Amino acid sequence: MALAGINWFKYSSPASFYPLAGKMMPWFAGLATVLTVVGLYMSFFVAPTDYKQGEAYRIMFIHVPAAWMSMFIYVVMAVYAALGLIFNTRLSAMMASSLAPTGAMFTFLALWTGALWGKPMWGTWWVWDARLTSELILLFLYIGFMSLEAAIDDPRRATRASGLLAIVGVVNVPIIYFSVQWWNTLHQGASISLDKAPSMATIMLVTMLVMTLAFWMYTIAIVLYRVRCEILERERHSEWVTELMEERK
Amino acid sequence: MLSVLLCMMRRDLVLAVRRMSDVLTTLFFFIIVVSLFPLGIGPEVEILRLIAPGVVWVAAILASMLALGRLFEGDYRDGTLEQMLLAPQPLSVLVLGKVLAHWAVSGLPLVLMAPLLGLQFGMTVEGLGVLLVSLVLGTPAISLIGAVGAALTLGVRGGGVLVSLLVLPLYIPVLIFGAGAVEASVTGLGAEAHLSLLGAILALALCFAPWATAAALRISLD
């Protein structure tokens, strides 16, 4: 395999990752744009009108991918944080902190679109359902991660402290999820159940997957963009950044 | 190992007893927060009885969070904490000793006071018993989890507010099972399942929290 010849560890250094990220970013951004256009076209024009929910269900094509991404990004972030703490690689920690704002954005988007969807469907903006509640808690975890990082002035300490918090958080996520679910089933206050997955037409499922891929590519592109800024900011005293800046002038 | 633990606990307890006002502040905060609820909601006993477990639990969590700042702050300021990091004894054992002592001065008084407040809310004797047990199991877990947050925010500006942002989401399972245990026993479901889960959380926290706290302290004092 040709890939085996590449020294992957080379790219764990910010100096060599910076140009690589610059080269990859436009590709992912392009993919994200194409997929979003295709996905939005499919969700508005190709996917059929739902016989029960009418047109309002189309918000699902934003809502569900955003909810998936919000959880996925938290796990990826924790993995990067763990790598950063274990191997002491600067780049992993930078990736973790670059992922957090996007993850929080998707969590917020999922909650927001969920509220917009809930109003016409159940007649209420919010129910204390297990999924909604745990998504809200996920948003709190993201905010805690970001504010801890922002509060510490020393960047090295900031990334390590927030990294540890991300790991503690990811261990807690399943516990929180199951406790919230149990809490919800015990109370049974609202009679709305989100658990019954409606059998979905194939075209709807495909549209949702396309949108998920679009969000995924967007995440990669924006994270690469953000990590490049982060690299320049943190490595501004190093030689290669100075050289780069000289070249740009 | 055990002697290190006991020595640490004794030291922190002596320090706490010498400054009794800190302990009392936490306790009175707890009492006042609980007493505010009837004033806000109204004196109907039926409603109060319904919300009592949740109110007592939330107030206990807030009160013990208020006390978290003191867990490492004093030792951090006078440099004792740095000596602990350098000590040959494992840091996680020292941390465990500190957290247990901290629980004894900030958690235990709340546990003992809770039945009295429950009475004010018109709870039954059976409910009070379960409340007591759930607090005995839950508050140490809260102290242990909170210690991680306290260690992470050590010496950070605005640490007091920040620590609440970090640890409150992590307290949610304890809150759910703690308040849920009382509710389940009142409604006749039996509190064993909730109490067992609380015990499981406590056991998990006992294993992992001192370790994570030690790691956080090393990061903070780097």
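What follows is a short chat about a predicted model with chains A and B.

Trainee: How confident is the predictor in chain A on average?

Mentor: This is a predicted model, so start there, as you did. Chain A averages a pLDDT of 83. In that chain, 90% of the residues score at least 70.

Trainee: And which elements of chain A have the lowest and highest mean pLDDT?

Mentor: Helix H7 of chain A, residues 239–248, has the lowest, with a mean of 81. Helix H2 of chain A, residues 60–87, has the highest, at 90.

Trainee: What is the phi of Asn88(A)?

Mentor: Positive, about 60 degrees. Asn88(A) has that value although it is not a glycine.

Trainee: Switching to helix packing. How do H1(A) and H6(A) run, parallel or antiparallel?

Mentor: Look at the angle. The axes of H1 (residues 14–46) and H6 (residues 202–234) of chain A cross at roughly 155 degrees. Over 145 counts as roughly antiparallel, so H1(A) and H6(A) are roughly antiparallel to each other. Their axes come within 7 Å.

Trainee: Is that crossing left-handed or right-handed?

Mentor: Left-handed. By class, the residues of the contact of H1(A) with H6(A) are 31 nonpolar, 5 polar and 1 charged.

Trainee: Over to chain B. How do H2(B) and H6(B) cross?

Mentor: At roughly 30 degrees, with the axes coming within 10 Å. H2(B) covers residues 20–41, and H6(B) covers residues 108–120. An angle under 35 degrees counts as roughly parallel, so that is what H2(B) and H6(B) are. The crossing is right-handed.

Trainee: Which residues make that contact?

Mentor: From H2(B): Val23(B), Thr26(B), Leu27(B), Phe30(B), Ile31(B) and Val34(B). From H6(B): Pro109(B), Leu110(B), Met113(B), Ala114(B) and Leu117(B). By class, the contact has 10 nonpolar residues, 1 polar and no charged ones.

Trainee: Last topic, the two chains together. How much area do chain A and chain B bury between them?

Mentor: About 2300 Å². Carbon and sulfur atoms account for 76% of it.

Trainee: Which residues of chain A lose the most area to chain B?

Mentor: Arg157(A), Leu164(A) and Trp182(A). Together they give 25% of what that side buries.

Trainee: And how many residues does the contact take from each chain?

Mentor: Chain A gives 29 residues, and chain B gives 27.

Notes:
Residues are numbered from 1 along each chain as its sequence is written. Chains are lettered from A and ligands numbered from 1 in the order in which they are written. This is a predicted model: local features need pLDDT of at least 70, side-chain atom pairs count only at pLDDT 80 or more; totals for chains, interfaces and linings use all residues. Side-chain values use heavy atoms; hydrogens and water are left out. Axes are lines fitted to C-alpha atoms, for helices over the stretch in contact, and angles run from 0 to 180 degrees between N-to-C directions. Helices (H or I, at least four residues) and strands (E, at least two) are DSSP runs, numbered from the N terminus. Angles under 35 degrees count as roughly parallel, over 145 as roughly antiparallel, 65 to 115 as roughly perpendicular and the rest as oblique. A crossing is left-handed if the near helix is turned anticlockwise from the far one by less than a right angle, and right-handed if clockwise. Contact means heavy atoms within 4.5 Å. Ala, Val, Leu, Ile, Met, Phe, Trp, Tyr, Cys and Pro count as nonpolar, Asp, Glu, Lys and Arg as charged, and the others, Gly among them, as polar. pLDDT is the predictor's confidence in each residue, from 0 to 100. Buried area is the accessible area (1.4 Å probe) that two parts lose on being put together, summed over both.
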